[in-house]
Amino acid sequence: MEGLRSTPLRSTRYALAGLTALAVALGALAPGAGDPRAAAVEGAGATEGPPQDGATTTAGASPSPGEVRPRITPAAAPLRPVTAAPVPDRGAVSGQISDELASTWLGGTNRRAVAIRDALTGEPLGDRYSSRLVTPASTTKLLAAAAVVTGLEGDHTFTTRVVAGADPGEVVLVAGGDMLLADGDGDPEAVAGHAGIADLAAQTAASLGSEQGSGEAPEGPVRVSLDLTYVEGPHAIPTWIDRWLDEGYAGRIVQIGRSVDRARPFNPSPRAPEQQVARVFREALAEEGVDVEGAGDDDARAAEVQVADDARELAAVESAAARDVLALALATSDNAMVEQLARQAAVADGEAADQESVTAWIRRTMVEDYGLDMTGVRITDASGLSDGTLIPVAAVADVLVAGADGSHPRLQEVLAAGGLPIAGYTGTLATRFHLDVHDPAVGNARAKTGTLPGVSSLAGTVVTRDGRLLVYALTADDIDQGAAAIEAASVLDEVVADLARCGC
């Protein structure tokens, strides 16, 4: 299939007309048509940015288990440690990817930024404009994640509590940073839905029942309130545009929320996610036999209060480990989750929760903890969704090296936990790498994607044919609008596939 390789000619790599364009955009090819490798990721939803103007998108269903039959090519030889493989030759690596980087689908020639590193030594192997400031889109999340792990221990969990309120008959749901609560019972094997609202209700009902003989139990209906003072901040980053929230490309940033209320394209989050938690909690508490004010009334609103430090605890549930929550946020490119975690980590490190303080903290952490040169770098938000962020691909690559070479084990844990989706299988890469020419990277490469109008980015790791682990960061931020976005993404996928097939 070498005829599909990119050339300076503007030939179409995908059939972009009619129903075929729709199938490509969704990654929902019919059984038997090629190799549908998309695998469902827990809570998956590619929410990193709005589509290119003119690109076809829709909210399609995931393939059924019968349609998803991953095909993994057996290894030709026993796997060896990547340290045993030779470091590729710099000139050979550059030559391997030169044809793809010449593709006109990538836009202006001086806006195609490339940084390729040996993952274990950090040695540059194929840089082009790597120090130029470019718009990174959602690969910004890699820097945010690298900062988050310095402020939050990997084993840290987020506690959601219910306490007795100051007024008789009042119980208060206290936010603690978990925006992935299940409506029913929690699932200890899950990340999204690890803790359950029904579990909180059952514990609360048991606590109230045990207080009947002590005189502390309420005599009339129980009233549910909310304490949202934990890491307070706005629902949206001020530099986001309304369209992204309205169309589900970004969710509302909350410190208590339901997993099912996470935003997805064309399925926005509720305007008041915290109130939805209170509503479900009221209903669950009523099912436990408690007389609850407002139960069954979808329009009832919980009052917002601040509880005393010594308020009597009635119930508590714990989220999944922070490393797994962050890995899920990266894998699905969930803008709200990344912003929420960055706020929490910044506050835990002694900073304020406002946008400017959080982004300044990320930038400073890159310098102080990772030794990056951040001269001229601008970080507008933690998610990469706002205009104005400018980061060289060299910095993105250096962060990935830090997550691969053992020098920053907390970041390494997050990336190993699924923070970098697998090419052709998971997260935002489930519908990528599906042409035959991409095959060497399928199941091999891992990457964080980045997409904004006029921007396509890809940054992650790949193992060469010789068995050496490489890091790459690729950004083209001057591509045409519309269908060119699909083509540009395919070119970047082929660059990674060429690194995978490299015997350099």
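**Entry 1: A417**

I started with A417, which counts as partly exposed at 39% relative accessibility (buried means under 20% relative accessible area, exposed over 50%, and partly exposed in between, with a 1.4 Å probe and protein chains only). A note to myself: this is a predicted model, where local features need pLDDT of at least 70 and side-chain atom pairs count only at pLDDT 80 or more, while totals for chains, interfaces and linings use all residues. Residues are numbered from 1 along each chain as its sequence is written, and side-chain values use heavy atoms, with hydrogens and water left out.

I found A417 in helix α11, residues 409–419 (helices are DSSP runs of H or I with at least four residues, strands are runs of E with at least two, and both are numbered from the N terminus). Leaving aside neighbours within four places in sequence, A417 is in contact with D324 and A327 (contact means heavy atoms within 4.5 Å). I also looked up L326: its C-alpha atom is 9.1 Å from that of A417, although the two residues are 91 apart along the chain.

**Entry 2: T140**

Is T140 buried or exposed? I read 2% relative accessibility, so T140 counts as buried. T140 sits in helix α3. Beyond its neighbours within four places in sequence, I listed its contacts as I379, D381, A382, S383, G384, T389 and I391.

**Entry 3: α3 and α9**

Next I stayed with α3 (residues 140–151) and looked at how it meets α9 (residues 355–368): their axes come within 9 Å and cross at roughly 80°. Axes here are lines fitted to C-alpha atoms, for helices over the stretch in contact, and angles run from 0 to 180 degrees between N-to-C directions. The two helices are therefore roughly perpendicular (65 to 115 degrees; under 35 is roughly parallel, over 145 roughly antiparallel, and the rest oblique). From α3, the contact uses L143, A144, A146, A147, V148 and T150; from α9, it uses W361, I362, T365 and M366.

**Entry 4: aromatic rings**

How many aromatic pairs does a search of the whole structure find? I got 1. Rings of Phe, Tyr and Trp (its six-membered ring) pair if their centres lie within 6.5 Å; planes under 30 degrees apart are stacked, over 60 edge-to-face, and the rest tilted. The ring centres of Y249 and F266 are 6.1 Å apart with planes at 70°, so I noted the pair as edge-to-face. Y249 is in the loop between α5 and β6, and F266 in the loop between β6 and α6, so the pair ties together parts 17 residues apart in sequence. Y249 is buried at 3% relative accessible area, whereas F266 is partly exposed at 43%.
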